[in-house]
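Here's a quick tour for anyone meeting this structure for the first time. Have a look at the picture, then read on.

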Amino acid sequence: MTYELEIQIEELRAELRNAVGGAERRQIQAELEIAQAELFVAAAEMEGLAEAEPPF
């Protein structure tokens with residue numbers, strides 16, 4: 001799962017470098033931040049630092 005997220009992040013970074021309009025840049029930046037957060041959570045789950053299931 002993390003490999004796919006890493007690829008997605010690199011693709012979003014490339015899109016961000018080539019973005020023309022401000023609205024497009026903001027949308028790509030938001031998607032990039034979400035993907036980075038998902039990668040962070042996935043890595044934490046793999047290392048046992050976070051639980052995959054909610055505590056309830």
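In which helix is the place of Leu 5? Leu 5 sits in helix H1, in what is a predicted model. The chain has 2 helices and 0 strands, and 21% of its 56 residues count as buried. Below is a walk through how the pieces meet.

**The two helices together**

- H1 and H2 pack with their axes 9 Å apart, at an angle of about 160 degrees.
- Angles over 145 degrees count as roughly antiparallel, so H1 is roughly antiparallel to H2.
- The crossing of H1 and H2 is left-handed.
- On the H1 side, the contact is made by Thr 2, Leu 5, Glu 6, Gln 8, Ile 9, Leu 12, Arg 13, Glu 15 and Leu 16.
- On the H2 side, the residues making the contact include Arg 25, Ile 28, Gln 29, Leu 32, Ala 35, Leu 39 and Met 46.
- Sorted by class, the contact of H1 with H2 has 11 nonpolar, 4 polar and 6 charged residues.
- Take the contacts in the chain with a separation of 6 or more: residues 24 or more positions apart account for 43% of them.

**The nonpolar core**

- The largest nonpolar core has 10 residues in all: Leu 5, Ile 9, Leu 12, Leu 16, Ala 19, Ile 28, Leu 32, Ala 35, Leu 39 and Ala 42.
- H2 gives the largest share of the core, 5 residues.
- As a general background point, nonpolar side chains tend to be buried together in soluble globular proteins.
- Ala 19, one of the core residues, touches Glu 24, Arg 25 and Ile 28, if you skip residues up to four places away in sequence.

- Setting aside neighbours within four places in sequence, Leu 5 is in contact with Ala 35, Glu 38, Leu 39 and Ala 42.
- Leu 5 and Phe 40 are 35 residues apart along the chain, and their C-alpha atoms are separated by 9.8 Å.
- Thr 2 is also placed in H1, and with a relative accessible area of 19% Thr 2 is buried, since buried means under 20%.
- Which residues does Thr 2 contact, leaving aside its neighbours within four places in sequence? They are Leu 39, Ala 42, Ala 43 and Met 46.

**Exposed and in-between spots**

- Arg 17 has its place in helix H1 and is exposed, with a relative accessible area of 61%.
- From Arg 17 to Ile 28 there are 11 residues in sequence and 9.9 Å in space, C-alpha to C-alpha.
- Over in helix H2 you'll find Arg 26, which counts as exposed at 59% relative accessibility.
- Arg 26 is 10 residues from Leu 16 in sequence, and the two are 8.9 Å apart in space, C-alpha to C-alpha.
- Why does Gln 29 count as partly exposed? Gln 29 has 30% relative accessibility, and partly exposed is what lies between under 20% for buried and over 50% for exposed.
- Gln 29 is found in helix H2, and its C-alpha is 7.9 Å from that of Leu 12, a residue 17 places away in sequence.

Terms used: Residues are numbered from 1 along each chain as its sequence is written. This is a predicted model: local features need pLDDT of at least 70, side-chain atom pairs count only at pLDDT 80 or more; totals for chains, interfaces and linings use all residues. Side-chain values use heavy atoms; hydrogens and water are left out. A nonpolar core is a set of buried Ala, Val, Leu, Ile, Met, Phe, Trp, Tyr and Cys residues joined through side-chain atoms within 4.5 Å. Buried means under 20% relative accessible area, exposed over 50%, partly exposed in between (1.4 Å probe, protein chains only). Helices (H or I, at least four residues) and strands (E, at least two) are DSSP runs, numbered from the N terminus. Contact means heavy atoms within 4.5 Å. Axes are lines fitted to C-alpha atoms, for helices over the stretch in contact, and angles run from 0 to 180 degrees between N-to-C directions. Angles under 35 degrees count as roughly parallel, over 145 as roughly antiparallel, 65 to 115 as roughly perpendicular and the rest as oblique. A crossing is left-handed if the near helix is turned anticlockwise from the far one by less than a right angle, and right-handed if clockwise. Ala, Val, Leu, Ile, Met, Phe, Trp, Tyr, Cys and Pro count as nonpolar, Asp, Glu, Lys and Arg as charged, and the others, Gly among them, as polar.
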